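Hello,

Here is the structure we talked about. Please open it and read my notes alongside.

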There are 4 protein chains.
Amino acid sequence: MEETARMNDKRPIRQKRDPEATRRALLAAAIAEFADKGLAGSRVDEIAHRAGVNKQLVYHHFGNKDDLFRAALEQVYGEIRAREQSLNLADLPAVAAMERLVGFSFDHLAEHPELVALLNDENRHEARHVKSSPQIQAMHSPLVRMIDETLARGARDGVFRTDMDPINVYISIAGLAYFFFANNHTLSAIFDTNLDTAREVSRRRRHVIDFVLSALQPREVGPSPN
Amino acid sequence: MEETARMNDKRPIRQKRDPEATRRALLAAAIAEFADKGLAGSRVDEIAHRAGVNKQLVYHHFGNKDDLFRAALEQVYGEIRAREQSLNLADLPAVAAMERLVGFSFDHLAEHPELVALLNDENRHEARHVKSSPQIQAMHSPLVRMIDETLARGARDGVFRTDMDPINVYISIAGLAYFFFANNHTLSAIFDTNLDTAREVSRRRRHVIDFVLSALQPREVGPSPN
Amino acid sequence: MEETARMNDKRPIRQKRDPEATRRALLAAAIAEFADKGLAGSRVDEIAHRAGVNKQLVYHHFGNKDDLFRAALEQVYGEIRAREQSLNLADLPAVAAMERLVGFSFDHLAEHPELVALLNDENRHEARHVKSSPQIQAMHSPLVRMIDETLARGARDGVFRTDMDPINVYISIAGLAYFFFANNHTLSAIFDTNLDTAREVSRRRRHVIDFVLSALQPREVGPSPN
Amino acid sequence: MEETARMNDKRPIRQKRDPEATRRALLAAAIAEFADKGLAGSRVDEIAHRAGVNKQLVYHHFGNKDDLFRAALEQVYGEIRAREQSLNLADLPAVAAMERLVGFSFDHLAEHPELVALLNDENRHEARHVKSSPQIQAMHSPLVRMIDETLARGARDGVFRTDMDPINVYISIAGLAYFFFANNHTLSAIFDTNLDTAREVSRRRRHVIDFVLSALQPREVGPSPN
DNA sequence: GATGAATGAGACTTCATTCAT
DNA sequence: AATGAATGAAGTCTCATTCAT
């Protein structure tokens, strides 16, 4: 990818000014660089280089490094939220719906390590960029509603417990996948194994789905949740 | 936080020559700075300043920034692993032991946000420092053994499922707490609430303990784990 | 010398944007500074200052200090080799040709103390920069050929000995001048005289030409040169 | 040599304070380090390390880095001048005496690359340390006298020319060897050969002796020197 | 819109030297 | 005599951003 970009450098074809393509290239390069190095560790120079364009265009199109980071967040947040909407959970029985949601959440993180990486950094900066992005703020209410509806449906059908808070359930679903991917390297190191293999990812996926569905099951007698 | 540190600056209490105290002060300052800004975003200058010592002493005592980061990781990893050993889970019934472990894991992260922050960064660097630290490598086998024994005891007593992998269980326990703390700011922002309050932390704690113990319960008929 | 350079600083003549001039100014300043202080003793800051430009432009135009040193070597090597080619030795009788070559070699070192100084340093670094410069590697074969042809012509004409290796002859020609200039200060000090005067330089020049031509003369009975 | 020093590090035997041995070790280490890196490039820390002693002892025994450099020069100058005195040239016929002197000069440089390296640096600093060392100043008059006597004897015996200045002859003798060793790396690089082999050193040695003796021979008709 | 040159600020690190023991 | 800790100054290099074309 980078090599291609470098080779295309100076190619007369691209001389045709295509601002939209330039913008897209910069955004993709930014997401990759920010995911690799973090906000502080990323270099505007390197982002421009990855995109195959002049550094000044970063400023032309995005303003500055922080604004570019916000744009990157909007992009990756937008993707996951859009795909979640396409799951059509309402068309499925509650258990199947929940299984689909958990599976999707896991798979999306597996396929999009940049999401994990960007969120890590954004939290280090106290969600500064998210808070200043109306676009991101707007895209999250459907998610809570979706989980709430699924939980309610499952409760009505007698397959889910009735006392579950949708936000905490979402955090648990996300956390069970997120921690595995976010901390894959340290976990592999301290447990002296390699968790970054297809086999281990697949085992983890089954564990997470099983874990969530088990936890949501109604119980005869459970330990009092304090 | 930083202001406090700066105010202690030049405090007359500091003895003339106490290399061990200098080392400790630098390490504490490093943990705080790395947690705040990450490895790339941290400034050696600022670390020395927080410790109230000359910048060059960082190099005298620790070698360089990376070595200092490794020392910081060894410190925070050492603390959590040492405290886990003091839980004496073997003295408790399996369910109570598991509850204690989950509660401790949650509380430790609540009280030690620097652990979360350092691990995030360490993973960005592919666990480079952990891998080069024999000290860290050595401290983790007791943890897996502890979980494994608790799970086995619970299974023997009929209170836990029998098919749980201890490493995956550990990752779930840690992940349920970790994600909440690591992503507290973005979660608060996107869900338009404040999850950084005593009330919400406490709710989350109950949820996590409940979630784990429910998931570990033996089931009459469970959903097929895919 | 340095003072002069500093006084030219900020001269209004310098055009606003002339990258080629900037490059040239930096290169000239680098040659002067490296000659004065050596590679290790030179300061990038001072080079930029001498060139009347911003320090960062060194990195912009040359990469780093070592690359700049290599560029300086390429420059000074290029000059002497180019001028040697202009001597047109082939147009002269062998003895006159040799006299011209020896005289030129002496004069060039006299006029270019920076060449002596840079070569000293380059040898300290085991010719690291020369070895990594294809440009320098390429410019030396004509030199050996030129000496070889002159020696052969002289031998054919009966005015030169027939057993002389051109590389050793070149090293002798260069060495007789080089040592005088390279060690002028210590020689002046230990012999309690001043060898850095026009008179002494001129005496040395005659001595060297005489020495070389005498040594090259065919002999009735000489010590067997093995 | 360096390895040995490092391995002896921490040896309990040396605990016995032996200031004279410490001084010698530091001086030897300094000569090696200055030869390797030059005055500017050498590190006091590294010299102490090579000597297996604490850095502060450099200051204790020698004052500072410059004084140490002067001591190093005194040492290497002292050695060559002392050995020259032992040549007993007066006991030999003029030609044999000259051959012995040239051979010795060549061999000494071959065996003492540190002399070449230190002189290079000393000249860069305009013989500052030599000039401030009465010890070095004092040791050079016998050398000129020695050469002058040998030349005079050879002239009297009809085997040497009569018009040779002893200082210029000394500079030629030294220069023919010095340049070969001082510039061995760059010469090897530009002539695309390896002049740092026993074979090439030996060839050069013969060339130099031959060259000097030929040049000193009386001539029937020589080219007019100038 | 697009580019390479230029810059002010500052980052990490080094180093000769001095201090306290 | 000998040591490790400590420091002020400075050195190489980086980087987000702006300028001139």
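**A buried histidine**

D:His140 has 0% relative accessibility, so D:His140 counts as buried. The cut-off for buried is under 20%. Keep in mind that this is a predicted model.

Where does D:His140 sit? Look at chain D, in the loop between helix H9 (134-138) and helix H10 (141-156).

**A kinked helix**

Now go to chain C and find helix H11, residues 166-182. H11(C) has 17 residues. From its first C-alpha to its last, H11(C) reaches 23 Å. That is close to the 24 Å expected at 1.5 Å a residue.

Where is the kink in H11(C) centred? It is centred on C:Gly175, with an angle of about 30°.

Is H11(C) mostly covered or mostly open? Mostly covered: 16 of its 17 residues are buried.

**Two helices that cross**

Next, find helix H7 of chain C, residues 113-124. The axes of H7(C) and H11(C) come within 10 Å and cross at roughly 90°. Therefore H7(C) is roughly perpendicular to H11(C).

Which residues make the contact?

- From H7(C): C:Val116, C:Leu119 and C:Asn120.
- From H11(C): C:Tyr178, C:Phe181 and C:Ala182.

Of the residues in this contact, five are nonpolar and one is polar. None is charged.

Best wishes

Notes. Residues numbered from 1 in each chain as written. Chains lettered and ligands numbered in written order. Predicted model: local features only at pLDDT ≥ 70, side-chain atom pairs only at ≥ 80, totals over all residues. Heavy atoms only, no water. Helix = DSSP H or I, 4+ residues; strand = E, 2+ residues; numbered from the N terminus. Expected span 1.5 Å × (residues − 1). Bend = angle between axes of the 7 residues up to and from the residue. Buried < 20%, exposed > 50% of the residue type's maximum accessible area, 1.4 Å probe, protein only. Axes fitted to C-alpha atoms, helices over the stretch in contact; angles between N-to-C directions. Parallel < 35°, antiparallel > 145°, perpendicular 65-115°, else oblique. Contact = heavy atoms within 4.5 Å. Nonpolar A, V, L, I, M, F, W, Y, C, P; charged D, E, K, R; others polar.
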